[in-house]
Amino acid sequence: MPLVIAVTNQKGGVGKTTTSVNLAYYLAKMGKPTLLIDFDPQGNATSGLGIDKTELKGTMVDVLREERSLADCIIDTDHKNLSLAPTTQQLANTEVEIAQAERRFTRLRTAIEQLYSYEYVIIDCPPSLSLLTVNALIASRYVLLPVQAEFYALEGLGQLLEAMKLVRKNMNPTLDLIGVLPTMMDTRTSLSNQVYEEIKKHFPGKVFEHTIPRNIRLAEAPSHGVPIGVYDRFSKGARAYKGLAKEVVDRVG
Ligand SMILES: Nc1ncnc2c1ncn2[C@@H]1O[C@H](COP(=O)(O)OP(=O)(O)OP(=O)(O)O)[C@@H](O)[C@H]1O
Ligand SMILES: [Mg+2]
């Protein structure tokens with residue numbers, strides 16, 4: 001069984017997709033066969049890796065509908081050891097479609113259990129505490145929580161921690177927080193530093209050593225359809241995500 005990590009925060013625009021894509025890329029670069037699952041109807045991880053959504057044979061839509069195996073939807077990327085399970089915006093309708101269906105909470109877990117050729121699976125979650133996110137929490141060993149270093153950063157996180165507690169109690173007793181990742185840090189501003197201290201107080205021992213700086217190169221890379229390590233591997237953003245990947249491997253170790 002691969003080690004499954006859900007990158008989640010129900011707040012939008014905090015860096016979930018940027019983290020998923022670049023963490024997956026650097027894990028792959030470390031020689032670990034890695035699958036990135038795009039589990040957000042926005043499909044940003046899919047387009048961020050330069051995949052043409054009109055030419056897909058299967059997607060997470062088919063997996064969630066149980067019409068195709070996950071292995072059947074996975075595509076190779078241009079990057080060694082990195083595969084992608086893509087999605088389209090249709091995933092939003094599918095979520096509604098299966099809202100009352102049997103085994104609706106465990107479909108992703110069942111799909112992942114049938115895989116064997118990956119060391120890591122990274123799930124890019126949507127910005128909601130929806131059925132999709134619950135599926136991801138039930139399928140995962142760990143949650144990685146990106147938190148944007150801004151004023152309202154910690155608001156709403158209680159709900160997510162509550163959801164994790166419920167999932168742990170009912171479906172997935174080993175679910176754990178692998179770490180909290182401050183993103184879009186601007187260490188020159190006192191607000192960023194203040195929020196960082198606040199995050200550390202809130203999650204003692206859980207905040208990653210490597211935080212992610214605000215870095216324009218990270219925002220530019222997806223429009224070229226490549227991870228930061230390909231777009232500008234000497235950028236601050238690239239170094240930060242490379243460090244994060246090592247830290248993740250250490251923490252799992
Ligand atoms: N460290 C960073 N520095 C600068 N820009 C960033 C950084 N991280 C992310 N961005 C940009 O901020 C925006 C939001 O990032 P991202 O898409 O990763 O967030 P998200 O949490 O996945 O959003 P959503 O909730 O909509 O899925 C994007 O335009 C992205 O390119
Ligand atoms: Mg996203």
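These questions and answers go through a predicted model of a protein chain with a ligand.

Colleague: What radius of gyration does the protein chain have, and what would a compact globule have?
Modeller: The C-alpha trace spans about 50 × 40 × 35 Å along its principal axes. For 253 residues, a compact globule would have a radius of gyration near 18 Å, and the value for the protein chain agrees with this: 17 Å.

Colleague: Among contacts between residues at least 6 apart in sequence, what percentage join residues at least 24 apart?
Modeller: The protein chain has 11 helices and seven strands, and 45% of its residues count as buried. Of the contacts between residues at least 6 apart, the share that joins residues at least 24 apart is 78%.

Colleague: Which are the edge strands of the open sheet?
Modeller: The sheet has seven strands with mixed pairing, in the order 3-4-2-5-1-6-7. An edge strand pairs on one side only, which holds for strand 3 (75–76) and strand 7 (176–183).

Colleague: How many bridges join strand 6 to strand 7?
Modeller: Strand 6 (residues 142–148) runs parallel to strand 1 (residues 3–7), and three bridges join the two. Val7 has Leu144 as its bridge partner in strand 6. Strand 7 also runs parallel to strand 6, and Val147 is partnered there by Pro182. The number of bridges between strand 6 and strand 7 is seven.

Colleague: Strand 7 is an edge strand; how many of its eight residues are buried?
Modeller: Strand 7 pairs on one side only. Even so, strand 7 is largely enclosed by the rest of the structure, because the count of buried residues is six of eight.

Colleague: Why is helix 6 described as largely enclosed, and which elements are included in what covers its buried residues?
Modeller: Seven of the nine residues of helix 6 (residues 131–139) are buried, so the helix is largely enclosed by the rest of the structure. The buried ones are Leu132, Thr133, Asn135, Ala136, Leu137, Ile138 and Ala139. Their cover includes strand 1, helix 4 (90–97), helix 5 (107–113), strand 5 (120–124), strand 6 and helix 7 (157–170).

Colleague: How far apart in space are Val96 and Ile112?
Modeller: In sequence, Val96 and Ile112 are 16 residues apart. Their C-alpha to C-alpha distance is 21 Å.

Colleague: Which element supplies the largest share of the largest nonpolar core?
Modeller: This core has 72 residues, and those with the most contacts inside it are Ile122 and Ile123. The largest share, seven residues, comes from helix 1.

Colleague: Which residues does Ile123 touch, not counting those up to four places away in sequence?
Modeller: Ile123 is one of the residues with the most contacts inside the largest nonpolar core. Leaving out residues up to four places away, Ile123 touches Val4, Ala6, Val7, Ile37, Phe39, Ala136 and Ser140.

Colleague: Which element supplies the largest share of the shell around ligand 1?
Modeller: Ligand 1 is surrounded by 20 residues, and the closest are Lys16, Thr17, Thr18, Pro127 and Ala219. The shell divides into seven nonpolar, 10 polar and three charged residues. Helix 1 (16–29) and helix 9 (216–220) each supply at least two residues. The largest share, three residues, comes from helix 1.

Conventions. Residues numbered from 1 in each chain as written. Chains lettered and ligands numbered in written order. Predicted model: local features only at pLDDT ≥ 70, side-chain atom pairs only at ≥ 80, totals over all residues. Pairing = 2+ DSSP bridges. Helix = DSSP H or I, 4+ residues; strand = E, 2+ residues; numbered from the N terminus. Buried ≥ 20, exposed ≤ 12 C-beta atoms within 10 Å, placed from the backbone. Contact = placed C-beta atoms within 7 Å. Near = placed C-beta within 6 Å. Nonpolar A, V, L, I, M, F, W, Y, C, P; charged D, E, K, R; others polar. Rg over C-alpha atoms; globule rule 2.2 N^0.38 Å. Core = buried A, V, L, I, M, F, W, Y, C linked by C-beta atoms within 7 Å.
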